[in-house]
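Take a look at the sequence and the structure below.

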Amino acid sequence: MFDILDIASRNLLRYRRRSLLTLLLIVIGMVAVLLFIAIAGSFKSMMVGQITDSILGHSQVHRKGYVASIDSLPLNLNMKPQMVAKTEEALKANPAVETWSPRVKFGGMYSNFAETTSIRVTGIDPAREAATVPMLQGRMVEGPKDGALVEKGQIVIPLLLSRGMKTKVGDTVVVVATNRDGSVNGKTFVVRGILESISGPSGRDGYIHIDDARELLRMTEPEVSEIAIRLKDFSRLDPTSRQIRTALEGLTNKEGKPALEVHTWDQLSPFATLARMIDMLTLFIKIMLVSIVLVAVMNVMIMAVFERIREIGTIAAIGTPPSRILSLFLAEGLMLGVVGTVTGTALSLAAIFGINLWSPTFAFGQQQNLVMAPTIAGGDVLTIAAMVVVVAVVASLQPAWKASRMDPISALRHV
Amino acid sequence: MSLVHASNLTKTYRVGDIDVPAIKGIDFAIDAGSFVAFVGPSGSGKSTLLNMVGCLDHPTSGTLRVLDTDIATLDRRAAARFRGEHIGFVFQDFNLIPVLTVFENVEYPLRMVQKWPAEKRRAQVTRMLAAVGMADQADKRPDQISGGQKQRVAVARALVSRPKLVLADEPTANLDHDTAYRVLELMKKMRDEFKTTFVFSTHDPKIMGEAETTFTLEDGRLANGGSHV
């Protein structure tokens with residue numbers, strides 16, 4: 001094997017410029033793909049993290065039909081206490097669930113006594129909400145960042161509302177809401193804090209204590225609009241959601257169908273489409289890389305065989321077995337692939353390291369100064385590297401096969 | 001006993017719809033250790049005959065036995081193995097591998113065909129280079145040596161694996177007269193030293209006199225049965 005690799009390397013060095021150009025193509029392709037995966041992947045992780053860890057949770061349980069009407073936050077589709085109890089029982093029994101947070105959501109009017117505007121409000125249990133969406137507290141741009149997110153009688157409002165209504169921390173405001181029976185009720189709150197608005201569903205909601213929400217809505221029993229769930233391992237989202245769904249199937253409505261629905265974050269957020277687009281783009285970039293390597297290596301190997309026909313005839317005549325001639329040319333493709341992959345990977349990792357040192361910032365929706373911190377998993381690097389090497393060898397296969405099947409007499413006569 | 005034995009040997013090529021006979025039913029025998037020339041004008045069938053003797057081509061009919069092997073029975077792989085084990089080749093254009101040094105060119109059959117261990121092949125290559133007078137050029141590349149030196153290297157490469165038979169198709173065609181004589185002298189010396197049978201083709205009347213046995217080919221037929229000089 002060493003003999004074959006030695007001769008293959010010399011043959012590659014015979015046409016230095018051509019080999020270098022081919023290597024350059026592979027290296028550029030590798031760097032482009034790995035950088036794209038690292039940057040797009042970190043953007044996707046940041047985006048998914050923002051959505052799941054500061055708003056939605058990993059998944060949610062709702063009463064059937066609630067999500068279909070979620071824009072109007074229908075109070076008549078809240079979960080009844082026995083539904084909540086059944087859900088909590090299922091969540092407690094599932095070891096993959098870390099915690100969960102019941103929420104009461106409603107739409108209302110927000111007044112600073114001078115102006116009035118609409119507001120979407122989420123009533124939360126502060127401790128459970130902080131455990132389920134740990135980045136929520138971090139969005140607080142004004143007001144205390146430690147302690148409970150909100151106490152009874154307090155409200156946390158989104159930054160856009162604060163600016164629009166010129167409301168400051170400590171101001172007293174009124175929230176007015178209509179309950180499920182149609183009666184209107186109002187309650188005063190002290191502004192505890194101001195939350196950075198983020199893109200996505202519920203990214204501009206105000207937060208009050210769940211008891212205040214129930215009081216405002218004059219609930220006679222502790223209903224819940226949704227239960228947000230946090231898992232111990234995000235990568236177990238789909239199987240765990242299936243398990244929860246199965247556990248809740250026993251609770252049926254009048255039609256005999258499951259009364260509750262389990263939705264994963266991507267079924268609730270339009271940004272899941274963006275995440276899927278990033279995956280699609282990554283796939284297309286990988287296909288482009290495969291094409292570049294395939295065409296570049298095949299081109300150089302076809303040329304190599306064409307230019308060395310007499311040489312192939314000579315080595316065949318003196319008894320080199322066809323399989324060894326095949327190996328010689330495959331080894332050239334392999335070496336191009338390996339050298340290109342190693343160089344491309346090294347440059348990519350250096351570039352990723354450099355970007356992390358540089359820490360450039362970007363804006364995402366309402367959020368400014370998000371730091372780009374590209375990372376790439378070792379598995380991704382190995383997969384791409386293996387893909388490039390395999391494609392380089394596959395691209396050499398046809399020219400190598402042709403060389404190994406060459407008739408020595410015709411090859412020796414070739415001018 | 002004959003090293004090569006041909007009986008009613010024919011070779012016909014098909015060009016389009018036409019059959020073109022290149023060798024027309026010839027018989028000959030070549031003894032071990034002989035120094036033989038196939039001579040004749042261009043197109044007389046010398047190269048075709050050498051290709052068949054070298055197991056690079058199959059006869060159309062008749063039999064051709066080389067080292068007691070009917071070469072018609074050898075498939076592609078077996079023919080390659082047979083050539084690697086028993087036959088050395090010297091080409092008109094030398095056909096050295098440009099990316100390898102003189103030493104590595106001579107080493108090639110031992111390294112890539114017969115897979116000798118490194119130490120053993122180093123000793124053998126050194127011996128062969130000394131035998132052809134190229135020991136001091138071992139580290140040069142083919143483009144750094146003259147035509148005559150290239151052919152010496154080619155002879156060393158043909159002999160390095162100790163074949164029973166060396167075939168040389170027009171080995172002196174690209175050399176000047178003096179150099180051509182020196183190459184033939186070298187081939188004879190190698191025959192004497194290693195007891196290898198040398199068969200070469202030529203159309204140069206001055207060179208053909210160097211052979212001990214000459215077969216004259218005319219239009220695919222033998223004009224003599226092998227005249228001894």
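The largest nonpolar core has 116 residues, and the members that touch the most others are Ala392(A) and Ala156(B). A nonpolar core here is a set of buried Ala, Val, Leu, Ile, Met, Phe, Trp, Tyr and Cys residues joined through C-beta atoms within 7 Å. A residue is buried if 20 or more other C-beta atoms lie within 10 Å of its own, exposed if 12 or fewer, and partly exposed in between, with C-beta atoms placed from the backbone. Helix 2 of chain A, residues 16–56, gives the most to this core, with 11 residues. Apart from this core lies another one, of 54 residues, including Ile51(A), Ile55(A), Ala90(A) and Val104(A). Helices (H or I, at least four residues) and strands (E, at least two) are DSSP runs, numbered from the N terminus.

This is a predicted model, in which local features need pLDDT of at least 70 and side-chain atom pairs count only at pLDDT 80 or more, while totals for chains, interfaces and linings use all residues. Residues are numbered from 1 along each chain as its sequence is written, and chains are lettered from A and ligands numbered from 1 in the order in which they are written.

Which residues does Ala156(B) contact, leaving aside its neighbours within four places in sequence? They are Val106(B), Met128(B), Leu129(B), Ala131(B), Val132(B) and Met134(B). Contact means that the C-beta atoms of two residues, placed from the backbone, lie within 7 Å.

Next come the two chains together. On the side of chain A, 17 residues are in contact with 18 residues of chain B. Four helices of chain A each supply at least two residues of the side that touches chain B: helix 1 (2–14), helix 10 (309–317), helix 11 (322–358) and helix 13 (408–413). Helix 10 of chain A gives the most to that side, with 5 residues. By class, the side of chain A that touches chain B has 7 nonpolar, 4 polar and 6 charged residues. Ala, Val, Leu, Ile, Met, Phe, Trp, Tyr, Cys and Pro count as nonpolar, Asp, Glu, Lys and Arg as charged, and the others, Gly among them, as polar.

Now follow helix 2 of chain A to its partners. The axes of helix 2 and helix 9 (residues 271–307) of chain A come within 10 Å and cross at roughly 170 degrees. Helix 2 of chain A is therefore roughly antiparallel to helix 9 of chain A. Axes are lines fitted to C-alpha atoms, for helices over the stretch in contact, and angles run from 0 to 180 degrees between N-to-C directions. Angles under 35 degrees count as roughly parallel, over 145 as roughly antiparallel, 65 to 115 as roughly perpendicular and the rest as oblique. The contact of helix 2 with helix 9 of chain A contains 22 nonpolar, 4 polar and 3 charged residues.

With helix 11 of chain A, the axis of helix 2 of chain A comes within 8 Å and crosses at roughly 40 degrees, which means that the two helices are oblique. Among the residues of helix 2 of chain A that meet helix 11 of chain A are Ser19(A), Leu23(A) and Met30(A); on helix 11 of chain A, the residues include Leu336(A), Gly340(A) and Ala351(A). This contact has 13 nonpolar, 8 polar and no charged residues.

Helix 9 and helix 11 of chain A also pack against each other, at an angle of about 145 degrees and with their axes 11 Å apart. Here Val297(A), Met301(A), Ala304(A) and Val305(A) of helix 9 meet Phe329(A), Glu332(A), Gly333(A), Leu336(A) and Gly337(A) of helix 11. The classes in this contact are 6 nonpolar, 2 polar and 1 charged.

The last stop is a set of single residues.

Most residues other than glycine have a negative phi. Asn8(B), in strand 1 (residues 2–15) of chain B, has a positive phi of about 50 degrees although it is not a glycine. Leu67(B) likewise is not a glycine and has a positive phi, of about 55 degrees. Leu67(B) lies in the loop between strand 4 (61–66) and strand 5 (69–70) of chain B, and it is partly exposed, with 19 other C-beta atoms within 10 Å.
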